Amino acid sequence: MTEISKFLNEVIARKNIVMTDISELVGVSNQFLSDLKKGKKSCKEVTWKEIIKYLRLDKNDEEKAWRAWSLDRMDKKTRDYLLKLEEENDNLKKILSYVEFVKKEKNT
């Protein structure tokens with residue numbers, strides 16, 4: 001399953017979106033949108049931009065949408081490396097937060 005398909009399935013379920021409405025608004029076939037949702041197809045940036053537009057996403061979901069699209073465009077090695085770096089970054093943020101908490105407690 002692609003990142004786009006995971007994202008689309010989650011948003012469509014949460015918002016009760018009818019796929020045929022989106023395909024008509026975007027100007028793609030129902031089959032194409034279905035294949036995109038199943039992870040069988042990918043789409044160009046302009047098509048993804050139109051899909052995002054008609055999904056009426058908030059800023060957070062729009063960022064997730066573009067992240068999904070970007071991750072699907074990467075080769076596996078680059079994608080895995082990026083995900084590893086993000087995981088390490090999250091761990092470092094947790095450590096930093098703990099150090100700041102301890103430092104604050106020590107000073108009081």
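**Entry 1**

I started with Asp 80, which is partly exposed at a relative accessible area of 35%. For this label I used the band between buried (under 20% relative accessible area) and exposed (over 50%), with a 1.4 Å probe and protein chains only. The model is predicted: local features need pLDDT of at least 70, side-chain atom pairs count only at pLDDT 80 or more, and totals for chains, interfaces and linings use all residues. Residues are numbered from 1 along each chain as its sequence is written, and side-chain values use heavy atoms, with hydrogens and water left out.

Which side chain meets Asp 80 in a salt bridge? I found Lys 76, at 2.7 Å from N to O. The term salt bridge requires a side-chain nitrogen of Lys or Arg within 4 Å of a carboxyl oxygen of Asp or Glu. Lys 76 and Asp 80 are separated by about one helical turn because they are 4 residues apart in helix α6. Helices here are DSSP runs (H or I, at least four residues), numbered from the N terminus. Lys 76 is exposed, with a relative accessible area of 62%.

**Entry 1: Other salt bridges**

I noted 7 salt bridges in the structure. Side chains of opposite charge can pair when their charged atoms come close.

Next I checked helix α1. Glu 10 and Arg 14 form a salt bridge at 2.7 Å, N to O. These two are 4 residues apart in α1, so about one helical turn separates Glu 10 from Arg 14. Both are partly exposed: Glu 10 has a relative accessible area of 35%, and Arg 14 has 42%.

Lys 6 pairs with Glu 3, their closest N and O atoms lying 3.3 Å apart. This pair also sits in helix α1, 3 residues apart, about one turn of the helix. Buried or exposed, where does Glu 3 fall? I found Glu 3 buried, at a relative accessible area of 18%. Lys 6 is partly exposed at 40%.

**Entry 2: The nonpolar core**

I looked up the largest nonpolar core and found 21 residues in it. A core is a set of buried Ala, Val, Leu, Ile, Met, Phe, Trp, Tyr and Cys residues joined through side-chain atoms within 4.5 Å. Those with the most contacts inside it are Phe 7, Leu 8, Leu 36, Trp 48, Ile 51 and Leu 55. Two or more residues each come from α1 (3–15), α2 (19–26), α3 (30–38), α4 (45–55) and α5 (59–73). The largest share, 5 residues, is that of α1.

What does Trp 48 touch beyond four places in sequence? My list reads Ile 4, Phe 7, Leu 8, Leu 36, Cys 43, Ala 65, Trp 66 and Trp 69. Contact means heavy atoms within 4.5 Å.

Thr 47 belongs to helix α4. Not counting residues up to four places away, Thr 47 touches Val 26, Val 28 and Phe 32.

Ser 23 lies in helix α2. Beyond four places in sequence, I listed Val 28, Ser 29, Asn 30 and Leu 33 as contacts of Ser 23.

**Entry 3: Loops with positive phi**

I checked phi next. Asn 16 is not a glycine, yet has a positive phi of about 50°. Asn 16 sits in the loop between α1 and α2, and counts as exposed at 66% relative accessibility.

Arg 56, also not a glycine, has a positive phi of about 50°. Arg 56 is in the loop between α4 and α5. Arg 56 is exposed, at a relative accessible area of 68%.
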